[in-house]
Amino acid sequence: MEQPLTKNIITGKTLSLKEYEQAGGYAALRKVLKNNAPQEVQQMVKDSGLKGRGGAGFSTGIKWSFVPMDEDARHPKYLICNADEMEPGTFKDRLLLEGNPHQLLEGMILAAYAIKADISYVFLRWAYRKAAEIMEKSISDAYAAGYLGKNILGTGWNLEMYLHTGVGRYICGEETALLNALEGKRATPRAKPPFPQVSGLYGKPTIVNNVETLCCLPHIINNGAAWFKSLSASEDSGTKLYGVSGKVKRPGVWELPLGTTMREIIEEYAGGMANGYRLKGVLPGGASTDFLTEQHLDIKMDYASVAAAGSRLGTGTMIIMDDATCPIGFVHNLQHFFAQESCGWCTPCREGLPWVEKILLGLEKGKGSTEDIELLQMHTQYLGPGNTYCALAPGAMEPLQSALKYFKDDFVEHIEKHKCPYEV
Amino acid sequence: MFIHIDNKTYTVKAGKNLLEACLTLDLDLPYFCWHPAMGSVGACRQCAVKVYKDENDMKGRLVMSCMETVTEGLRLSIEDKTAKAFREQVIEWLMTNHPHDCPVCDEGGACHLQDMTVMTGHDYRRYNYKKRTYTNQYLGPLINHEMNRCIQCYRCVRYYRDYAGGDDLNVFAAHNHVYFGREKDGVLQSPFSGNLSEVCPTGVFTDKTLKEHYTRKWDLTMAPSVCNHCSVGCNTIAAERYGQLRCMLNRYNGDVNGYFLCDRGRFGYEFVNSENRIKQALIRSRTNEAATESEIMEHVQSLISMSKVVGIGSPRASLESNFALMQLVGKENFYQGISEDEAHLNRLVVEMLRSGCVHSVSLKEIEQADAVLIIGEDIWNTAPMMALAVRQAVVKTAASQASQEIKIPVWLDSAIKELAQEEKGFLATLTIATSPIDDIATHSWHAAPDDLARLGFAIASYLQPGKIVNTDFSEALLDKAKKIGDALKKAKNPVVITGTSCYNDNVIKAAFDVAVALNTGERKTSFSCVMTECNSMGLAMMGSPSFSVANENIKTNGHATAVILENDVYKHIPSANADEFFNSCDHVIVLDALHNATTEKAQVLLPAATFADGDGTLVNNEGRAQRFFQVIPNTTSQVQESWRWLKKLQTLKLHTLNGHALHPDDLLREMETALPQFEGITNVSPKHDFTIHGEKIPREPHRYSGRTAILANKNVSEPKPFNDGDSPLSFTMEGYKGTPPSGVVPFFWSPGWNSVQSVNKYQEETNGALRGGNPGLQLFKNKSDARDLFFNDVPESFVVAKDRWLLLPKYDALGSGELSSYTAALKTLSPQPFASMSTGSLQALNAKDGDMLQIVDAGIMYGSLPVKADENVCDGVVLVTAGLRESMGMSWGTRVQIKK
């Protein structure tokens, strides 16, 4: 089984520039700069079927193709790496950032070349202090080695790169809010259209890609689209970093073929449930995805299969809810997070989420009523996609709506018993 | 194009968004964050409608109507169940934390949040938890802050920062703790802060001066009015109760002020209620000075019959009053009550605009300019709303370029702002000293007036080589001229702005020459000259000699009675000259509203009406004649419009007591005959006998509470409603209930729309002209005497003299204003009088920052002033605060001596 993204990563260690080069690093960049026009790189990536690994799963090649490439396109263009990994339960990008930073840098430089970008930023989660140190050093090493700066590898092409650390706002994972934050403005999302490809950072054409997405690029260039497709166990291409957290024997993150089943990941790689616990529900791709349950364990963890089961692959990092955990308390905890992370721009999210949070807390404390269930259901409906300004509130509603579906009995029990039945 | 709304077909204008289209069609759709002047941002989610793919699509898709452009054949539904339920839900969310304190909220009864809540049908509250609360801030004496009422529509910060360019109000924190205020308590710094009270859809930001004498909107008697506090002539609504003026509201005029007013205009009304008002006619020679009207008439008859009578007009009195005075004293004895220096400049401006060489530009047109050149006028402080219009021009130019670049509509505000970023349209400010407007200027240059004029002429010469005969422009000057000239040449709608406050005719001539030089076949340059008072233009158009000429004449001929109309000549003329004048007069009759230095000289003092207790017409600096209407019914006091007093005096003089011309209409008709330059002035507003189906237009909304017991100590019987007979407006709540003609709209109200947002219902389209056309009449249109006018008067460079300093005025956006300074709140925000000079000048004087200096002009000593060092004032110039309550007339624009 090939694990191109993680094969050189040794836990606890960081691959230096030299070690990365010895392992074949920056070969893709050299190859492309010598042989290929930017549009050809775009085509290669389009052909590879690479989809964004940040959660939305949109084709990377198609995303790039909306960037104006003609002579009179507005410059500077920007390439931004979204390393704001703030999705609860998600820690896959951290592994890539800390373990093999130059793989990311090479991916960024390739992506920047593909869209003829002039400036690139790494937008890094504030809490990733170690990654920040590593990235800072790696960027300066890459400058020193001629991979960044003026006249890269003697081709006459210039690219500047900067590290920007956020202040820890979930909303900065939303690419347009990230752009506002990067400009020093309030981290509120922007209206779309216009999309960032046309009017992004400082109003100029911009691409924002996730860490894992960018890390795939050197391998696609080196080995070709067909190879990349062959890595997968599903219609989607490539490998995926899957993670598992919760009461399993071995929580962690593994690079596996895209489309590995949930059961295989949980039982073989995470070692199954910890002793004394049974699996009650799974959030397959972070906190903003719908619960799946035991009956779904055999579905393939690819974009289409998870969607067919009523959830989203999201970041591919599962949060396991065990049978000793109160689903209401669990969802309350999530809603507390989402309510707090709402940027405060649009009404439904700003006012709806705190209400949901308060209802769930009431239920958990045994003060709920059946009307509360109706109110929760109303919110799952009205905080849906299109009704709010961005995807934060619709994402927040995903675990809630599925909890109401799969764990309805728990809600009823809380109301009838006037207390949380999970309380010891 | 055609669109279908709830299965009915309508014609709408392309390029609009769905919300604008619906509101223009008079369909009710609730909204908060969208504002016609500020565009769409999609934050509040209140204006949701269903949009359908085609007639077979039964499901539809919920969209925010403010964020979608109309497309041919589009099908949408306002009435759709889901859309309605969602809109109701949005209100329920907004109300979860709202304090529901309408009974004690200043906004109550005129609150957009109330209206929208009722419109969506939300009436039952399901939120059972504690509300979040905020601490309020002290924002200064003009605006009250009550954050708990906030519904987070973001309009305040979008207005204050993006629209008006302020930076001390912001949004803080996140999620449901979002806070709108200042970093810490303190006075709001923007001179446009008052608009927050109208921009805010609920009671977070309210008018603090109204709070001092609060009345519900529905209990206000209101009348269309025109601002008195600068030459721009913004349209206002004056609002009264129990004989007291309670507040001023914006009156939309699509050609002038649009949705906004400056703080001097909004809050400068309290002089009307001032204790300093003259309410009683006085005959000073008597033991008992107070006189009845008949005593006055008897006394005055001898004064105006026996000797020669001269009339001193006023740039702040109405056309009617000035004309009535001219009629009384005869054209040859009527003088403008301003200095010769100022009158000379005003005559020049009239000549320029009358020539038809350039277009006299409205505020609205300034907003649409794609390049602006300002020469010599600090418009931020002398005509604040013009500065706000220039800001829009600069921002909108960048916005429209951005919108064309990637084809997004201009109203999509946030997207446009992201795209345009810091890009700005061209603005050059060439002024005496720095001004806040410089912040958005492409080029700023500060120099003495003659040097500003030289640059102006150099620009004109660059634009049309050979037209200016001058060869001694320096390289540096030519370089500046080229930069500015090139930018102006690129523009399609350039505007050149100047003003009289430099007291330098070369500055105005240079600005005019630039405008003329810019004229080409397809480009007609727009030109604007700021003047000092609200009717400076009207007075100047009457074409009479200045006060200085009157003074000379009286000194020479002696034995005259002077009738002074609403004019504190001590504010216009150095006091020594004014004293000289009064000493030469045998008798002085003064008509004014407030006691001042001039009224002290009156032997006969007549109480004149202000804009609030009288009718009249003012001409703004653009040449737009605008009518204002009485709002305070006058049943007991002797206060009456000056023109009415003067007409009465005229009948005395002519010994015909059956004077018939006692309506402004009649006066204006006589004026049109006597002074053809005012042709058309009778059409400025509907006549006094205008009715609709026999009904007058009520000044009171139909929700008026009616009579209360508050005046029962004076009279318990039901008095007959006051009727001044001067206008189509009645002083009652009875009358025509529909939309009145645009010039006589006393208030904005529509069923279900009790707040200022109801202005939508009075417009032909959102943000467009008022139905029936914007009010006001441009007097400089369609001139038949169009002729070529071009000046060639390039002055010598300004030379610093060793012991003489050029004296120039420095105005203040809030503090300047003879009348507005009576508003206590504005007075506290006004600077103390001071002079400012460059460090170089101070060194030459052997003085330092903070020293007291005395200005001496031709032996006349002005009072001492503290001096501030200001690097932006050029050497050889002394700036002195002007227009403040303490300020007196000075010989501006002349070289004076300065003593330590």
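Student: What pLDDT does chain B average?

Tutor: This is a predicted model, and pLDDT is the predictor's confidence in each residue, from 0 to 100. In chain B, 99% of the residues score at least 70. The model as a whole scores ipTM 0.96 and pTM 0.96. The average pLDDT of chain B is 93.

Student: Which radius of gyration does chain A have, and why does it agree with a compact globule?

Tutor: Chain A has 424 residues, and for that number a compact globule would have a radius of gyration near 22 Å. Along the principal axes, the C-alpha atoms of chain A fill a box of roughly 75 × 45 × 35 Å. The radius of gyration of chain A agrees with the globule value because it is 22 Å.

Student: What share of the residues in chain A is buried?

Tutor: Chain A comes to 16 helices and eight strands. Of its contacts with a separation of 6 or more, 71% are between residues 24 or more positions apart. A residue counts as buried if 20 or more other C-beta atoms lie within 10 Å of its own. By that cut-off, the buried share of the 424 residues in chain A is 58%.

Student: How many residues of chain B are in contact with chain A, and which class is given by 19 of them?

Tutor: On the chain A side, 29 residues take part, and on the chain B side 31. The elements of chain B that give two or more residues to its side are β4 (61–64), α2 (81–95) and α14 (413–420). By class, that side has four charged residues, eight polar and 19 nonpolar.

Student: Which helix gives the largest share of the side of domain 3 of chain B that touches domain 4 of chain B?

Tutor: Domain 3 of chain B spans 344–531 and domain 4 spans 805–899. Their centres, taken over C-alpha atoms, are 27 Å apart, and the contact takes 15 residues from domain 3 and 16 residues from domain 4. The domain 3 side divides into eight nonpolar, six polar and one charged. Its largest share, three residues, comes from helix α12 (residues 379–382) of chain B.

Methods:
Residues are numbered from 1 along each chain as its sequence is written. Chains are lettered from A and ligands numbered from 1 in the order in which they are written. This is a predicted model: local features need pLDDT of at least 70, side-chain atom pairs count only at pLDDT 80 or more; totals for chains, interfaces and linings use all residues. Two residues are in contact if their C-beta atoms, placed from the backbone, lie within 7 Å. Helices (H or I, at least four residues) and strands (E, at least two) are DSSP runs, numbered from the N terminus. Ala, Val, Leu, Ile, Met, Phe, Trp, Tyr, Cys and Pro count as nonpolar, Asp, Glu, Lys and Arg as charged, and the others, Gly among them, as polar. Domain bounds come from an automatic or database domain assignment. The radius of gyration is taken over C-alpha atoms; the globule rule is 2.2 Å times the number of residues to the power 0.38. A residue is buried if 20 or more other C-beta atoms lie within 10 Å of its own, exposed if 12 or fewer, and partly exposed in between; C-beta atoms are placed from the backbone.
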